[in-house]
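Colleague: Before we rely on any of the labels attached to this model, I should like to go through them one at a time and set each value against its definition.

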Amino acid sequence: MTIYFILIYKFLPGDTPRPEMLRHLDASGMVFFCLGCMLFFAGMDLGEHFGWFDSRLIVVCLCGSGLFFLLFVVNEYTVRNPWASPRLFASFNIVMSVGMVAIYIFIMTANSLLITHFLSTVQELKPIQSGNALLVIALLQVLLTPFCVYLVLKVDTRLTCAAGIILMALACYQGTRITADWVAADFFPMGILFACGHPLVFLSLMAFCIASFTIQTAPGLLAYIQFLRISTPAAGGAALLLIMRQREDLHLTSLGSRLTGNTPAVRHFLETGGSLEYLHTAATTQATVLAINDVFGLCCAIALGTLALLVFIKAMKPTPVSPVPVGGTLPDPAASR
């Protein structure tokens, strides 16, 4: 965050003198915002482990973060020079860009979390073993990033973002077909789709955000984006684990209701030497797989729904990272006179 502020201070063009900006620094707003972020992250990161609102620690963290964010909003509306005023979101393009950043981070979090959760619980692999599947994704991203940069520089950024989102949605759709027999190698096609889609979406969203930056709004927008970058994996991961646990319980109850002694297949299995413990383990494994399929389906639906946001992106000025105008032709100021 400090490096971002230094680069903005030195290189982003603007009419406001730099010493004048530092003289009226909104220190109280920064304190309230950072304390709220810290407590929110702690509450979300520890919520699933401590039972959410059954734990006083989680209640204190989440309620405290809400209080500090409320103080932050009040502060931004009352100080002379607000640091990250909520008025920044009066621009529709900023709302769309920041919202898509949150969705993008959520889908990427789901990708890494669900794959490692499957390999560790179903295939009982160690983290260092399950990490090989994600390592392939990381290496492919490094190789494909220069080509994606070229596309963003030459094509309408909305098209590159849409292409990346479609690739990520296809990868999530493949996740809905996971079975208990899958191994790490079976995730490679999914990893290739994610590796192709990730840099396209990331670079496009970066272009959207930079097109909305000015010397006055850049610090505040970067603060909100950094908050999303840090808190969305924690909040998204906690939400995904909660959904998976609930769906797993639902599927386990549904499967257990069918595994009774009156079922011919179960009775034959027990008569031939099978054990109830094995049946319980098999049912638990299948319930976990079905829960992962459900969450991948949810992520696929979210990714496809994100495409609708691109339709509402308005025309934005070209920037060094996106020389092609986004969303059509910008209005001519001379014509409006």
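Colleague: Why does Asp181 count as exposed?

Modeller: Asp181 has a relative accessibility of 67%, and exposed means over 50%, buried under 20% and partly exposed in between, with a 1.4 Å probe and protein chains only, so Asp181 counts as exposed. A word on the basis: this is a predicted model, in which local features need pLDDT of at least 70 and side-chain atom pairs count only at pLDDT 80 or more, while totals for chains, interfaces and linings use all residues. Residues are numbered from 1 along each chain as its sequence is written, and side-chain values use heavy atoms, with hydrogens and water left out.

Colleague: Where does Asp181 lie, and which residues does it touch beyond those up to four places away in sequence?

Modeller: Asp181 lies in the loop between H7 and H8, where helices are DSSP runs of H or I with at least four residues and strands are runs of E with at least two, numbered from the N terminus. With contact taken as heavy atoms within 4.5 Å, Asp181 touches Gln123 and Asp186. The C-alpha atoms of Asp181 and Gln123 are separated by 8.4 Å, although the two are 58 residues apart along the chain.

Colleague: How many helices and strands does the protein have under that definition?

Modeller: The secondary structure comes to 12 helices and zero strands. Of the 337 residues, 40% count as buried, and among contacts between residues at least 6 apart in sequence, 77% join residues at least 24 apart.

Colleague: How do you know that the length of H9 agrees with its number of residues?

Modeller: The expected span is 1.5 Å times one less than the number of residues, so the 39 residues of H9 (residues 218–256) should span 57 Å, and the end C-alpha atoms are 55 Å apart, which agrees.

Colleague: What makes the span of H3 agree with expectation, and where is its kink centred?

Modeller: By that rule the 24 residues of H3 should span 34 Å, and its end C-alpha atoms are 34 Å apart, so the two agree. The kink in H3, of about 25°, is centred on Met44, which is one of the buried residues of this helix, as are Phe33 and Phe40. What covers the buried residues of H3 includes H4 and H9.

Colleague: Why is Trp52 called buried?

Modeller: Its relative accessible area is 16%, which lies below the limit already given, so Trp52 is buried. Trp52 sits in the loop between H3 and H4 and has a positive phi of about 50° although it is not a glycine. Gly51, which follows H3, also has a positive phi, near 80°.

Colleague: What makes a group of residues a nonpolar core, and which residues have the most contacts inside the largest one?

Modeller: A nonpolar core is a set of buried Ala, Val, Leu, Ile, Met, Phe, Trp, Tyr and Cys residues joined through side-chain atoms within 4.5 Å. The largest has 70 residues, and those with the most contacts inside it are Phe33, Phe118 and Phe194. Its largest share, 15 residues, comes from H5. Leaving aside residues up to four places away in sequence, Phe118 touches several others, including Ile178, Trp182 and Val289.

Colleague: Are Cys63 and Cys196 buried, partly exposed or exposed?

Modeller: Cys63 has a relative accessible area of 51%, so it is exposed, while Cys196, at 25% relative accessibility, counts as partly exposed.

How values were computed:
Bend = angle between axes of the 7 residues up to and from the residue.
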